Amino acid sequence: MLRLDGLSRTYPTGTQALAHLTLDVGAGEIVAIVGGSGCGKSTLLRLVAGLDRPSGGRIELDGEAITAPHPGVGIVFQEPRLLAWLTVAQNIGFGIAHLPRAEREARIATALERIGLAGHGGRWPRELSGGQAQRVALARALVARPRVLLLDEPFSALDAFTRADLQEHLMALWEDSRPTLLLVTHDIDEALALADRIVVMRPHPGRIGTMLSVPTARPRPQPRPTGTPEAEALKRQILNVLRPARQQMALPAAAE
Amino acid sequence: MSAADGLIETPGLRAAQRPGVFPRALGAGGRRALLGLALPVGAALGWELAVRLGLAQGRLLPAPSTLLATLAELARSGDLALHVRATLARVAAGFALGVAAGTLLSVLAGASGLARTVLDPTLQGLRAIPSIAWVPLFILWLGIFETSKVALIAVGVAFPVYLGTLGAILSVDRRIIEVGRSFRLTRLQLARRILLPAVLPQYVVALRAGLGLGWMFVVAAEFMGASEGLGYLLLDGQQLGKPAQIMAAIVVFAVLGKLTDALLVAASAPFLRWEDTAQRAAEG
């Protein structure tokens, strides 16, 4: 459904952020991309979002090439990026301004309810907590009914309690329309709790280190419990793949 | 929050410029207004007392009562209305022209890197010319009547508006522009739905700076030969040795300047209710 074929991205400075990456993602699949900083995972999302152009390779969504932002692809960033001059409801409806008014308002009302902010549509973004703001950002991306939702470390700026809450919100929202999720995270537990498949990336240049399926069924629409023996075994496996990368990164630090 | 980072002005500046504009609870607001009045009213009373007691002559610096009497006389004879109307008309015309030019140029320079590279150095060079230096040229080109006066005011207004607006356009957060791009907004939609509201708070500040300069330049313009206007009243007072008339004109300038600024702020307030500033937090 989503095909990344030989995807490369080299920055003008010569840094090779992504080298020849190939990945197939099925419809409704949840894929987590984990890796240390600088492994190209955010670059990968920006390419799929159409915000950046690849230096080589192709991205296809249901056979259609993606070269610019596509209506079938939504994105949630690390920060909520709400528009400060729009109310919560207006923010959620920002991307569906082209829809008829009744349809738009119905979608906004449903979304507000799903993220637990029913009755708060008239509030300003400055009045929201970090977790509430990120829930609004999730809703803003999802009301446009994307086939693929990209999440760029969406919960990393939140405290552990709020993060768990948002993971539950994400799963509940996902259950509604079951889009394909591409979730970039550096939190292995988060990847294990949410994903069907985990792509572990390695840096210099950014590439796929290994790919793991998470066999444990997820109690829908809930995140999977972490800390089970199976999860711990997978976590050790992922850490093993990441370890060489971490040692490489530790070397220059040690030299200083 | 992060989206608004680039839009927040220094809270100190805000706090200094805003008092009295937004309705507040009467208790705290009334107390603050009284505190703000204490200094000028106290000084006026002190001076009045000093003149009454014979401690000061009050010839070059007339007592407040003389000042009020002069104002009342000017108002009664209809002169005050005449001069105020003339000056207001000049400021209004010059401000409108200056804002239009400054806004247009800043939008051009902000929208295209090429336009900015071509325009900005020239405009910065022109800005460096003390605007009063244009006076002789404007008189030669446009004559001694209204046109040259309005042109001078417009020049004075245009540059701060250009500078402030361009700065605001260039400092719009890249990350919220990406939000617009990810929803496939066209350039025009991006300008209307993201850039315009993001720029608005700083644009209002630029307009206020422009208006302040407009009031400054109207005096310069009226000094270069006018038969009516508050600047004429100043000059007339100097030539005929009437310090009370000079001070009356100065007081009228202060009142008009403050009123027009307050009007500008009040007109923009409904569009800026969303602002996340230290001032707002203190009020909330």
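This is a predicted model: local features need pLDDT of at least 70, side-chain atom pairs count only at pLDDT 80 or more; totals for chains, interfaces and linings use all residues.

Residues are numbered from 1 along each chain as its sequence is written, chains are lettered from A and ligands numbered from 1 in the order in which they are written, and side-chain values use heavy atoms, with hydrogens and water left out.

**Stop 1**

Chain B holds 12 helices and zero strands (DSSP runs, numbered from the N terminus: helices are H or I of at least four residues, strands E of at least two). Of its 284 residues, 42% are buried (under 20% relative accessible area with a 1.4 Å probe, protein chains only; exposed is over 50%, and partly exposed lies in between). Among the contacts in chain B with a separation of 6 or more, 72% join residues 24 or more positions apart; a contact means heavy atoms within 4.5 Å.

**Stop 2: the interface**

Now show both chains. How many residues does each chain bring to the contact? Chain B supplies 24 residues and chain A supplies 22 residues. About 2,200 Å² is buried between them, 65% of it from carbon and sulfur atoms; this area is the accessible area (1.4 Å probe) that two parts lose on being put together, summed over both.

Next, select Arg46(A) and Glu178(B). These residues form a salt bridge, with the closest N and O atoms 2.7 Å apart. The count of salt bridges between chain B and chain A is two (a side-chain nitrogen of Lys or Arg within 4 Å of a carboxyl oxygen of Asp or Glu).

Then colour α8 (174-182) and α9 (187-223) of chain B, the elements that each give two or more residues to the side touching chain A. The most come from α8(B), with eight residues.

**Stop 3: the nonpolar cores**

Select Leu2(A), Leu4(A), Leu150(A) and Leu182(A), which have the most contacts inside the largest nonpolar core, a set of 89 residues. Such a core consists of buried Ala, Val, Leu, Ile, Met, Phe, Trp, Tyr and Cys residues joined through side-chain atoms within 4.5 Å. The element giving the most to this core is α9(B), with 14 residues.

Centre on Leu4(A). Not counting residues up to four places away in sequence, Leu4(A) touches Leu21(A), Thr22(A), Leu23(A), Leu44(A), Val48(A), Arg58(A) and Ile59(A).
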